[in-house]
Amino acid sequence: MNDNINTHSYIEKFSLSPISSLFFAVAFLAIGYGMILTYVGVYLKDLGLNDAIIGLINASFFLGAIGSSIFSQKIISSVGHIRSFATFASLMVISFLIQALFFNEYLWAFLRFVSGFAFYALLIIIESWLNEKSSQTHRGKILAIYTIIFYLATALGQLFLNIKGDTTYIIFILGSVLILFSVLFISMTKIKEPILKPFEKYSFPKLFSVVPLALVSCFVGGFLVGGFFTMIPIYLIQKYSSIEMVSLFMACTIIGGLISQWPIGLLSDKYGRRKLIAINGFYIAIVSLLFIVSFSYENMIYLLGILLGLSIFSIYPLALARANDVVDENKDIVEISRALLFTYGLGSFIAPILLGFGLYYYSEFIFVVFAILGVFLGFYSLSKKRIADDHMSVFVNIPVASGSTVVEMDPRQDLDYKKELDDRQ
């Protein structure tokens with residue numbers, strides 16, 4: 001009886017209202033993130049730059065993201081979350097406005113690096129706050145809400161590309177306004193500032209020996225998602241010369257990614273990550289080949305976008321689930337998960353560079369590479385050992401872009417959660 005009273009009291013004390021400001025902030029950030037990330041490549045193509053240069057400029061954004069995962073947490077810990085959020089948001093706004101005013105390849109590459117560093121630092125701040133306010137009971141629910149908001153907001157950002165007028169000024173100014181809106185919500189929050197763990201150096205050869213499939217899947221997943229956001233818009237604008245089509249295609253693909261999260265999770269819990277990763281790989285190869293043979297059918301492109309989204313956004317959470325299945329409780333799964341996220345960012349960084357150079361010589365190069373990676377991932381996954389059902393964790397949805405602290409929100413990191421799962425099994 002007393003336990004029931006205590007539980008009921010605890011539930012009454014927990015409320016989503018203090019966290020609502022964080023959800024609003026991440027929604028505005030994601031709209032701006034999705035809109036600018038897609039628009040930059042299209043705009044640079046309109047200026048007449050070759051695809052290799054565009055790829056290098058776009059890669060700078062993800063290089064900033066990698067740098068943020070290493071250095072931003074020390075900055076945040078030293079000056080505090082609210083002041084850090086205002087600082088990094090200001091850096092994003094400054095980079096957007098300078099991009100609207102001036103164009104120079106080297107300047108833009110630097111500004112994309114700054115915005116990537118700042119954006120992922122902002123995600124780290126929001127995610128660490130969400131983790132601070134998440135009990136073990138509600139952590140999975142909060143992460144699911146965070147994932148839904150991020151996908152929907154990123155998809156919504158694509159539709160802003162249809163704005164008429166001098167889009168260069170409008171898009172970058174609108175992006176700045178959205179970032180400033182997120183500052184409004186954060187500056188009024190009363191949530192306690194959590195303590196951030198410092199970045200740990202990883203031994204990737206050692207990590208590969210522990211979770212090889214998870215590591216390879218993270219790299220491939222990052223490559224596919226990074227290539228999708230940075231280089232596929234360029235491919236589409238070359239083929240169809242329509243920004244409206246680009247925006248609708250990108251939105252359809254992202255919505256496809258959101259739709260896939262829960263079915264993929266249920267199937268992977270039932271049949272195992274190895275099999276689902278393999279199926280995803282072969283499926284990506286088939287869809288990529290369909291892009292090559294069906295590009296002349298405009299209406300078919302939107303359907304193919306949804307089909308592509310169903311797969312590429314599922315690889316990273318499947319990889320994390322595989323790592324949780326393999327790693328025992330004596331190892332620090334949080335640090336391993338951060339290493340996997342770092343690998344995911346590395347794949348996102350390499351994608352625009354490689355695809356940009358290839359696209360310069362062959363218009364279908366993107367989907368040739370996607371198909372090759374899909375086939376490789378499929379066979380590589382099948383070559384690995386299956387995990388016994390009683391050793392499997394539970395699939396958890398992860399946003400399409402996340403900071404290095406999102407792994408701490410993963411309910412699978414809690415020992416009590418693992419014990420509860422073992423009791424169920």
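Guide: Let us begin with a definition: two rings of Phe, Tyr or Trp count as a pair if their centres lie within 6.5 Å, and the pair is called edge-to-face if the planes are over 60 degrees apart. By that rule, this structure, which is a predicted model, holds 32 aromatic pairs.

Visitor: Why is the pair of Tyr235 and Phe367 called edge-to-face?

Guide: The centres of Tyr235 and Phe367 lie 5.0 Å apart, with 75° between the planes. The distance is within 6.5 Å and the angle is over 60 degrees, so the two rings form a pair and the pair is edge-to-face.

Visitor: What makes this pair a tie between parts that are 132 residues apart in sequence?

Guide: Tyr235 belongs to helix α10 (residues 232-240) while Phe367 belongs to helix α16, so their pairing ties together those two parts of the chain. Both Tyr235 and Phe367 are, moreover, buried.

Visitor: How do you know that Phe367 and Phe370 also form an edge-to-face pair?

Guide: Their ring centres are 6.0 Å apart, which is within the 6.5 Å limit, and their planes stand at 75°, which is over 60 degrees, so this pair is edge-to-face as well. Here the two residues both lie in helix α16, three residues apart, or about one turn of the helix.

Visitor: Why are Phe367 and Phe370 called buried?

Guide: A residue is called buried when its relative accessible area is under 20%. Phe367 has a value of 0%, and Phe370 also has 0%, so both of them count as buried. In the protein chain, buried residues make up 58% of the 425 residues.

Visitor: What makes Ser381 a buried residue, and which residues does Ser381 contact?

Guide: Ser381, found in helix α16 (residues 365-382), has a relative accessibility of 0%, and because this is under 20%, Ser381 counts as buried. Leaving aside neighbours within four places in sequence, Ser381 is in contact with Leu213, Arg274, Ile277 and Ala278. A polar atom of the Ser381 side chain lies 2.5 Å from the backbone oxygen of Arg274, and since the limit for a polar contact is 3.5 Å, that distance falls within it.

Visitor: Why does Ala214 count as buried, and what does Ala214 touch?

Guide: Ala214, which has its place in helix α9 (residues 212-230), is at 0% relative accessibility, and because the limit is under 20%, Ala214 counts as buried. Not counting residues up to four places away in sequence, Ala214 touches Ala319, Arg322, Ala323 and Leu340. The C-alpha atoms of Ala214 and Arg322 are separated by 6.0 Å, although these residues are 108 residues apart along the chain.

Visitor: How do you know that the span of helix α3 is close to the expected one?

Guide: Helix α3 (residues 51-79) has 29 residues and reaches 40 Å from its first C-alpha to its last, which is close to the 42 Å expected at 1.5 Å a residue.

Visitor: What is found at the ends of α3?

Guide: At the N-terminal end, Asn50 caps α3, with a side-chain oxygen 3.0 Å from the backbone nitrogen of Ala52. Just after α3, Gly80 takes a positive phi of about 100°.

Terms used. Residues are numbered from 1 along each chain as its sequence is written. This is a predicted model: local features need pLDDT of at least 70, side-chain atom pairs count only at pLDDT 80 or more; totals for chains, interfaces and linings use all residues. Side-chain values use heavy atoms; hydrogens and water are left out. Helices (H or I, at least four residues) and strands (E, at least two) are DSSP runs, numbered from the N terminus. Buried means under 20% relative accessible area, exposed over 50%, partly exposed in between (1.4 Å probe, protein chains only). Contact means heavy atoms within 4.5 Å. A polar contact is a pair of N or O atoms within 3.5 Å; within protein, one must be able to donate a hydrogen and the other to accept it, and residues adjacent in sequence count only if both atoms are side-chain atoms. The expected span of a helix is 1.5 Å times one less than its number of residues. Rings of Phe, Tyr and Trp (its six-membered ring) pair if their centres lie within 6.5 Å; planes under 30 degrees apart count as stacked, over 60 as edge-to-face and the rest as tilted.
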